[in-house]
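Keep the structure open as you read, and find each residue as it comes up.

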Amino acid sequence: MAKAFFRLQKFLRRTQFLLFFLTAAYLMAGSLLLLQRTRLVIQQSSRGTSANQALPVPEGMAGVGIADARTLQNPRPSPRLLVGMDAMQEPALDQRHGPRWLASRNSELRQLRRRWFHRFISDQEPMQTVGFKVMKHTAEHQGTYVGCFSDDSRERTLKGAVFYDLRKMTVSHCQEACAERAYTYAGLAYGAECYCGNALPATASKPEECNSECKGEKGSICGGVNRLSVYRVEELRAGARRRRNVIYRGCFRAPENLTDTFPASLIQPNLTVEMCSEFCSKKEFPLAVIRGRECYCGFPTGRFSLHDGADGQLCSGTHNASSAAQGKYCLVYQTPVQDTRCTDRKFLTTKSKVFVALSSFPGAGNTWARHLIEHATGYYTGSYYFDGALYNKGFKGEKDHWRSRRTICVKTHESGKTEIEMFDSAILLIRNPFKSLMAEFNRKYAGHLGYATDRNWKSKEWPDFVNSYASWWASHVLDWLRYGKHLLVIHYEDLKQNLIPKLREMVEFLNMTVTEDRLLCVENNRDGNFKRSGAKQKDFEPFTQEMKDLINRYILTVDEALRGRNFTGLPREYVPR
């Protein structure tokens, strides 16, 4: 009995030692992992901080080792300003709103917003993933499945319109998008890409080669690698017709030889806009041109650029020959078909020797400028951040590392000496601060395409936002003027009003050459996928007089700084007089 008890006691001692050893090893491994993650967080939050700047600490967080990112989602700047920055070589201004005060104050705001941005993106990912788990495994596909076809990106048949959604693509979504744009066929590839057209691909493939599950619809097939799942959506077009958007472009002087200018034509008694638009949509042309009984289809070109509109009275009345001033003028309509001459994009085949930034204050039109640059040059733009919404809509450079040099330029909202001197040159995009602040406030509360509610505008968040971000608008420009090595200053308002000349200037700055037809194609697709639908009118003025006075002082500061560097000053439309 004693011998058995001794053996049991010996076994328990060994087990205790083993458990103690395993527990110690587990705790040590966990501690190392925690230290490693802590180091990464600190490196990320301090990346880009200038050597002569200190990392800001928001009020109420003194003595805390690592700040909880949730406290940074609505950052409020500390009244303690950073010191140690050299004075800007600018004309003497009000010290409270001068360059030195702006630079020191906004270095803190940049750090806070960067942390909030990364936290926001990380929070969005799991939320979106959970959403897909509850989606239906099957969907009612109203179109007729035709088959699996080979897809050659160099000679693509379904190229009338292209859509990407790397998280929510479904068969029904693709079918409806193509039907609304008057196409006959919808093809899906890679589980996330949608292509529209009016002719079937030439080469059929085995059904099992279309094996990619739709990203937004479990149990459904959305093509495969270089394979298209093709559906006929002609039966959906009748229901979609009422939702199609045929846009009147204006009255223009007809070219001397219409048959040479336009590739397709139709002569039809009692011709209507709908008949001509349908005909041109089937031919996959973005323009429908009407002169009397004649319908012509084509693209904007150097011979017919749509830049010099005529008096609408010259095309008034019905669409007969006499009403169009004996055939000298014609009516032009934009069909639902996308102009595909400039939609092909790719990464640079060799690393760029010049590292170019596309810099702007948030809300200044950076995404729109990227859309224009990508379609004009045919190359993707990169980003200092990662925005899943932009990536899902076709900005594939979002996931490419921002220092890969495989993109034509890199989006950034950063400022400060270190961040700016990383780039060899930069396009500095500047927008009216009143418009920029409202656009960024809308994006913050409702995404890229939505609008903040009246409740948001009337809450205390709006005045806090203006007080914090208005100074950042000014310091962003001042920092780039001071530290930028080679700058091209583009004003958003000028780009919007004179698109082709300003876009050509940007393309030349990027050391690229493009054809006139490609620039006209970009102009025809100028809005892209991230234009808010109209200006949502508010029944109140969001800016108080105090806010206006504050912003006006920043405007004068920036205007004087631009002129001091021999750049064109801010547009007269919003400079205080």
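## The link of Cys148 and Cys210

The link of Cys148 and Cys210 is right-handed, with 90° about the S-S bond. It is a disulfide (a pair of cysteine sulfur atoms within 2.5 Å), and the sulfur atoms of Cys148 and Cys210 are 2.0 Å apart. Cys148 lies in strand 1 (residues 144-150) and Cys210 in the loop between strand 4 (193-197) and strand 5 (213-214), so the pair ties together parts that are 62 residues apart in sequence. Helices (H or I, at least four residues) and strands (E, at least two) are DSSP runs, numbered from the N terminus.

Cys148 and Cys210 are both buried. Buried means under 20% relative accessible area, exposed over 50%, and partly exposed in between (1.4 Å probe, protein chains only).

## How the model is read

This is a predicted model, where local features need pLDDT of at least 70 and side-chain atom pairs count only at pLDDT 80 or more, while totals for chains, interfaces and linings use all residues. Residues are numbered from 1 along each chain as its sequence is written, and side-chain values use heavy atoms, leaving out hydrogens and water.

## Other pairs

A search of the whole structure finds eight disulfides. One of them joins Cys280 to Cys297, S to S 2.0 Å. The torsion about its S-S bond is about -80°, so this disulfide is left-handed. Cys280 sits in helix 6 (residues 273-282) and Cys297 in strand 11 (residues 294-298), 17 residues apart.

Cys330 counts as buried, at 0% relative accessibility.
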